[in-house]
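Visitor: I'd like a close look at a single part of this structure, taken slowly and residue by residue. Could you be my guide?

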Amino acid sequence: MSSFAGESQRFTKQMISKRNSPERIADQGFFWLTLVMAASVALLLIWIGLQIFTAAFPAISTYGLGFLTSTTWNPVSNVYGLLPQIYGTLVSALVALLIAVPLGVGVAVFLSEDFIPYTLRDAISMGIELIAAIPSVVLGLWGIFVFVPFMRPFYTFLNSTLGWIPLFAGSPRGFSLLTLSLVLSVMIMPIIISISRGTLNQLPPELRLGAMALGATRWETILRVLIPAGLSGIIGSVMLALGRAMGETMVAAMLVGNANRLSASLLDPGSTIASLIASQFAEAGRVQVQVLMYAGLVLMFMTLVINIVAEMIIKKFQNIE
Amino acid sequence: MVYDSATAVETDTIIRTENTSIYYGDFKAVSGVNLDIYRNKVTAFIGPSGCGKSTVLRCFNRTNDLIPGCRVEGRVTFHGEDLYSKDIDPVQVRRRIGMVFQKPNPFPKSVYDNIAYGARINRYPGNMDELVERSLRRASLWDDVKDKLQASGLSLSGGQQQRLCIARAIAVEPEVVLMDEPCSALDPISTLKIEELMNDLKQLYTIIIVTHNMQQATRVADYTAFYNAQEAKGGKMGYLVEVLPTDELFNNPKEQSTKDYVTGRFG
Ligand SMILES: Nc1ncnc2c1ncn2[C@@H]1O[C@H](COP(=O)(O)OP(=O)(O)OP(=O)(O)O)[C@@H](O)[C@H]1O
Ligand SMILES: [Mg+2]
């Protein structure tokens, strides 16, 4: 019995002295491993940025900032301007947001309230997440063969009644900024719904109780307490959606009409930076590739600005909370 | 203002329950409560955990409507009007019978907007700045926050947050304020402040407070109601044992179980 006790004591001692080395080495090793991984991601980003910048540099020095305000795109005479694509990128993304934000936030509110039983709510949000899983090329195909023919009469109607507004002028042909915006709004709505719903669900129930106990109706509670309280999450989802809409390539190239001229009208064919690059890179000459790199740099810069603004807005609202 | 317990005010009933039972689904949580709440008095609810104090409190302003499956039987009247009759709008009930919760729950808005919120949804016609100041003064919070009305309500201390919630509740100018363990998350000094506050507030409002602190009940309450629970099918079923002027309930209760509870010889 006593020998057993002695043995167990020695065993304990060994445990204490031994614990140090292998575990601590593993611990520190893990630190360095994650550090290297994090650093390599940052380096990769910088490296890609530099590569694109170097590749674009001849175009940048030739065309300068005038590239951003000029509207002609003529590879034959090497005259390039990106304004129609910048306009198309921004306008199609904004119109998509205009549709997707109210709908998305509305659906998120609906799903976070107890209007319908919980299981049904979960089934609906599962369906919404499946929309997000549709490959964009499939959405593009659907757009070309189903959506555009379906929408054509509506576009014609819009053009004939509201044609005096520059946004709806021109001759509607189906493939247009508006078509792109509508399909983009379908693509980005799941992002807005799932993030906003998550935010609303995570609000403390005491907030709702507090508002109701003051005599607020359900809608007063939602509009004046719950949505403001969840605003950082909702704005975050919108910014994420905006970034997605601006960078979306396949759907844009398939549906926007790829017209390299500036027209204010949503019903006219247009183009976006992403669709321009996607539709031209294959047969581009040396100079044109440099110009496309420049265009890509502009797009990267635009999405970067949006992400920074999003971070700032989210931080600002989080401070209020 | 001195209140004499023998004045006519005493018999002025503002809320009355008649054989009220409250269910959560099939589970009868509280059975057969008969209780009168007097105007401009503080009534305390005491009793062991799970005996239905919060449940009864919530049924006075219909916040239990927000709990799925909760159902009230019997009559609950406010100024003689049945609170559960079909043509009563629960939103209107809550505007006249306010509530302060156990955990301070200010909105993630500025101090000012926390107070103004309830007034705005009630379309308060007067001067909002005055209302905010008046409510904060009544909740004895004005001196603490007068220089930071635009700061977030969540940046205040716990005790200040609870007083903010009281100010928010009284800014709607209710007749009754329900308080469910308002001091249980607070330090002794904040607790004392809120108790003093209740003594001031009862001149304007009727107050019902749930508390586990019997000293608190003796300090603030004119009347005290003792609840207990007994085994029944589906769990413990709460009931009202007796309600008496506070002194009497603590010193000379009619029921043995009350005596056991207030003297600490009980669960
Ligand atoms: N939302 C609810 N859903 C279902 N049952 C509930 C709900 N709230 C309370 N109950 C049940 O009703 C009974 C009374 O609960 P209640 O919260 O009113 O007790 P209480 O006296 O306030 O207790 P405590 O002193 O712990 O706050 C308990 O058995 C509880 O389980
Ligand atoms: Mg309780």
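Predicted model: local features only at pLDDT ≥ 70, side-chain atom pairs only at ≥ 80, totals over all residues.

Is B:Asn40 buried or exposed?

Guide: B:Asn40 is buried, because its relative accessible area is 12% and the cut-off for buried is under 20%. This residue sits in the loop that joins strand E2 (27–38) to strand E3 (42–46) of chain B. Its backbone deserves a glance too: B:Asn40 has a positive phi, near 60°, and is not a glycine. Most residues other than glycine have a negative phi.

B:Lys41 belongs to the loop between E2 and E3 of chain B as well. With a relative accessible area of 5%, B:Lys41 is buried. Along the chain, B:Lys41 and B:Ile208 are 167 residues apart, yet 8.3 Å separates their C-alpha atoms.

For B:Lys53, a polar side-chain atom lies 2.7 Å from an oxygen atom of the ligand. For B:Ser54, an N or O atom of the side chain is 2.6 Å from an oxygen atom of ligand 1. For B:Thr55, the distance from a side-chain N or O atom to an oxygen atom of ligand 1 is 2.4 Å.

B:Gly238 is part of strand E10 (residues 235–245) of chain B. Its relative accessibility is 0%, so B:Gly238 counts as buried. Beyond its neighbours within four places in sequence, B:Gly238 is in contact with B:Ala29, B:Val30, B:Ser31, B:Cys51, B:Asn228 and B:Ala229.

Now for the place where the chains meet. On the chain B side 26 residues are in contact with 19 residues of chain A. Together the chains bury about 1900 Å², and carbon and sulfur atoms give 67% of that area. B:Pro108, B:Tyr117 and B:Ile121 supply 27% of the area that chain B buries against chain A, more than any other three residues.

Several elements of chain B give two or more residues to the side touching chain A: helix H2 (90–96), strand E6 (97–100), helix H3 (111–121) and helix H6 (158–171). The largest share, 4 residues, comes from H3(B). Sorted by class, that side of chain B has 13 nonpolar, 6 polar and 7 charged residues. As for a salt bridge you can find on screen, A:Glu206 pairs with B:Lys103, with the closest N and O atoms 3.4 Å apart.

A:Asn258 is not a glycine, and its phi is positive, about 50°. This residue lies in the loop between helix H9 (250–255) and helix H10 (273–280) of chain A. A:Asn258 counts as partly exposed because its relative accessibility is 30%, whereas B:Asn40 is buried.

Terms used. Residues numbered from 1 in each chain as written. Chains lettered and ligands numbered in written order. Heavy atoms only, no water. Buried < 20%, exposed > 50% of the residue type's maximum accessible area, 1.4 Å probe, protein only. Contact = heavy atoms within 4.5 Å. Buried area = accessible area lost by both parts, 1.4 Å probe. Salt bridge = Lys/Arg side-chain N within 4 Å of Asp/Glu carboxyl O. Nonpolar A, V, L, I, M, F, W, Y, C, P; charged D, E, K, R; others polar. Polar contact = N/O pair within 3.5 Å; in protein donor to acceptor, adjacent residues only side chain to side chain.
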